[in-house]
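Please look over the chains below before reading the numbered points. The note keeps to the fold of one chain and its contact with its partner.

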Amino acid sequence: MPYIVIDSERCKGCYFCVKYCPRNVIRESTMHNKTGYFPAEFIHEQEDRCTGCKTCAIMCPDTAIEVFK
Amino acid sequence: MNRIFQRPASLLDRPTHFCPGCTHGIAHRLIAEAIDELGIRERTIGIPGVGCCVFLYHYFPIDVLEAPHGRAPACATGMKRAQPDKIIFAYQGDGDMAAIGTSEVIHAANRGENVTVFYINNSVYGMTGGQMAPTTLLGQQTTTSPYGRDFKSEGYPIRMAEMLATLEGVCYSTRVALHTPRHVNQARKAVIKALEMQNAEMGFSVVEMLSTCNTNWRVTPLEAIDMIENEMIPYYPLGVFKERTGKDFL
């Protein structure tokens, strides 16, 4: 099953991935990271919906997303 | 389970200094991917201009030369003439290239220097605090045009990709955007094409990338994406303005 790993310490919370994810499996986290941003997080309850299309990783300006398939 | 997307090897594992949602990070990654794909890391030299791109040497494991304001194409000329086997790219913003270094880039292009310029157009001076640049859109409010840019006093925004395409020494001139996945994929192809053309010694190549500066536009990152789509692309049309197919020097 494809899934993504978001480096929450590198994420700056621009939410491009949230906007462009075609399956809506990324959301804004409620916990901030060390730098004070609220990072994006993968919704693990819906991880079977991820298709590994790499759209989130292509749009991530901080290269904080790795995609596994 | 295979890793199908990860940081390119030519981009160091270091947090960037860019603001949240700044598409400089995407441009950096596209260039690193192109360097990896063409296998030219050992002989690539980058030349950032002055601006938010100035810390390029923090993020790329390649040789980097720091150029004074706007003089990156002039430095690239010297580097390429001294070491013609190297791949030289300049990475400049719009304040750097379209304002301070206009003459340098025009003459480097007109001489047909075999270098590549990546031109990040975000329509303001980003690093210095959002002053008006030559590329600022009409009516856009900046710190030095608080009532909006007016063509009667400040003139019209400058379209560099079209202007450079008229010069004979230019082999490839294109404008891409970095605000949707589709446009980022197009930009990736343009970056690879520009470096390939330099490798084939075709002449001067320039890739203009429409980028966001949400901090100085005073909007959120997601609103900045909409501003590129609704305000910048109508004035700065995307497309390839010049593409040589062979070494057809006059």
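1. How many of the 250 residues of chain B count as buried? The share is 50%, where buried means 20 or more other C-beta atoms within 10 Å of the residue's own, with C-beta atoms placed from the backbone.

2. This is a predicted model, in which local features need pLDDT of at least 70 and side-chain atom pairs pLDDT 80 or more, while totals for chains, interfaces and linings use all residues. Residues are numbered from 1 along each chain as its sequence is written, and chains are lettered from A in the order in which they are written.

3. Chain B holds 10 helices and 10 strands; these are DSSP runs (helices H or I, at least four residues; strands E, at least two), numbered from the N terminus. The radius of gyration of chain B, taken over C-alpha atoms, is 17 Å, close to the 18 Å from the globule rule for 250 residues, so chain B is as compact as a globular protein of that length. The rule is 2.2 Å times the number of residues to the power 0.38.

4. In chain B, 23 residues are in contact with 22 residues of chain A (contact: C-beta atoms, placed from the backbone, within 7 Å). Elements of chain B giving two or more residues to this side are β1 (3–5), α1 (24–38), α8 (181–199) and α10 (221–235).

5. Strand β4 (residues 65–68) of chain A runs antiparallel to β1(B), joined by 2 bridges; pairing requires at least two DSSP bridges. Opposite F5(B) in β1(B) stands V67(A).

Key. A residue is buried if 20 or more other C-beta atoms lie within 10 Å of its own, exposed if 12 or fewer, and partly exposed in between; C-beta atoms are placed from the backbone. Two residues are in contact if their C-beta atoms, placed from the backbone, lie within 7 Å.
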